[in-house]
Amino acid sequence: MAFALTPEREQQVDDVLTRYPERRAALLPILWLCQRQNGWISPDVVEYVAERLELSTSIVKGVVTFYTMFFDEPVGENVVWVCRTLSCDLRGGKAIQERLESKLGCKAGHTSSDGKFTLLKAECLAACGQAPMVQINDHYYENLDLELLDRIIDTHAAKGAEAAAAEFSTFASFRAPTGGEAGDRNSVSSAPPPPSREAVRLASQPPPPADERGDES
Ligand code: FES
């Protein structure tokens, strides 16, 4: 059966299309909408997007296979990205990967037998200062050690992704181009992204005395 978006998502596609002078410029956000609904970019999703944006299927496929964030084959309920670039590796990234493989029962690049987790290796996820880290779905888990990693995975398995994110995630990494919040497959919001931890730390500090700020009187 041909792929179809829900009426709400169709409305979101219409909204996205109004933001760009050329239809093809909406390719990434519309692929996101489709992946959020379907879980992966299947061949019928490629056909749907190509038709909707008046593109060839080879152009759509080329984009899907270029970006690692799009899945061109089915994945598990949760996708775990383990960062294996230098900063994370220097701080135990290999051991983190090995512990994940042992806990999930599958090698990197594969899905656990219960279909709950797909484990993938990632290039730098831009959280080097908090290495080692993993991304699970839309959330970052940073400054990991094996004991903390065990607790995160156990909480995921026992209570679900949102409970684990609420308890352990340092922040949500993903913000949907349509305005949807991280981890929320349905809502549309115009709220600004949350402040970084550094911004929160700086905001909580008292201002320096006027003579140190060089204020002119
Ligand atoms: S090396 Fe892992 S986040 Fe940059």
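A residue is termed buried if 20 or more other C-beta atoms lie within 10 Å of its own, exposed if 12 or fewer do, and partly exposed in between, with C-beta atoms placed from the backbone. The structure described here is a predicted model, in which local features need a pLDDT of at least 70 and side-chain atom pairs count only at pLDDT 80 or more, whereas totals for chains, interfaces and linings use all residues. Residues are numbered from 1 along each chain as its sequence is written.

The pLDDT, which is the predictor's confidence in each residue on a scale from 0 to 100, averages 86 over the protein chain, and 78% of the residues score at least 70. Over residues 179-193 the pLDDT is below 50, and this stretch has 23 contacts in the model beyond near neighbours in sequence; two residues are in contact if their C-beta atoms, placed from the backbone, lie within 7 Å. The secondary structure comprises 10 helices and 6 strands, where helices (H or I, at least four residues) and strands (E, at least two) are DSSP runs numbered from the N terminus. Of the 217 residues in the protein chain, 26% count as buried. Among contacts between residues at least 6 apart in sequence, 57% join residues at least 24 apart.

Strand β1 (residues 78-83) runs parallel to strand β3 (residues 117-122) over 6 bridges, and Cys 83 stands opposite Ala 122 of β3. Strand β2 (residues 110-111) pairs with β3 in the antiparallel sense over 2 bridges, with Thr 118 of β3 as the bridge partner of Thr 111. β2 and β3 form a hairpin with 5 residues between them, and Gly 115 in the turn adopts a positive phi of about 75°.

Nonpolar cores were defined as sets of buried Ala, Val, Leu, Ile, Met, Phe, Trp, Tyr and Cys residues joined through C-beta atoms within 7 Å. The largest such core contains 23 residues, of which Val 80, Val 82, Met 133, Val 134 and Tyr 141 touch the most other members. Two or more residues each are given to this core by β1, α6 (93-104), β3, β4 (134-136), β5, α7 (146-159) and α8 (161-168). The largest share, 4 residues, comes from β1.

Tyr 141, in strand β5 (residues 139-141), is buried because 24 other C-beta atoms lie within 10 Å. Residues up to four places away in sequence being excluded, Tyr 141 touches Met 133, Val 134, Ile 136, Ile 152, Phe 168, Ser 169 and Thr 170. Ile 152, 11 residues from Tyr 141 along the chain, has its C-alpha atom 8.5 Å from that of Tyr 141. With the corresponding exclusion of neighbours within four places, the contacts of Met 133 are Cys 83, Cys 88, Leu 125, Ala 127, Tyr 140, Tyr 141, Glu 142 and Leu 144.

In helix α3 (residues 43-53), the residues Val 45, Val 46, Tyr 48, Val 49 and Leu 53 are buried. Viewed down the axis of α3, the buried residues fall within an arc of 165° and so line one face of the helix; the arc is that of the directions from the helix axis to the C-beta atoms. The elements covering these buried residues include α2 (27-38) and α4 (57-66). By contrast, Asp 14 of helix α1 (residues 7-17) counts as exposed because it has 9 C-beta neighbours inside 10 Å. The C-alpha atoms of Asp 14 and Ile 30, 16 residues apart in sequence, are 9.8 Å apart.

Several backbone features were also noted. Most residues other than glycine have a negative phi, and most peptide bonds are trans. Glu 54, in the loop between α3 and α4, has a positive phi near 55° and is exposed, with 9 other C-beta atoms within 10 Å. Asn 143, in the loop between β5 and α7, likewise has a positive phi, near 50°, and is partly exposed, with 13 other C-beta atoms within 10 Å. A cis peptide bond with omega of about -5° joins Ala 131 and Pro 132, the latter being located in the loop between β3 and β4.

Key:
Pairing = 2+ DSSP bridges.
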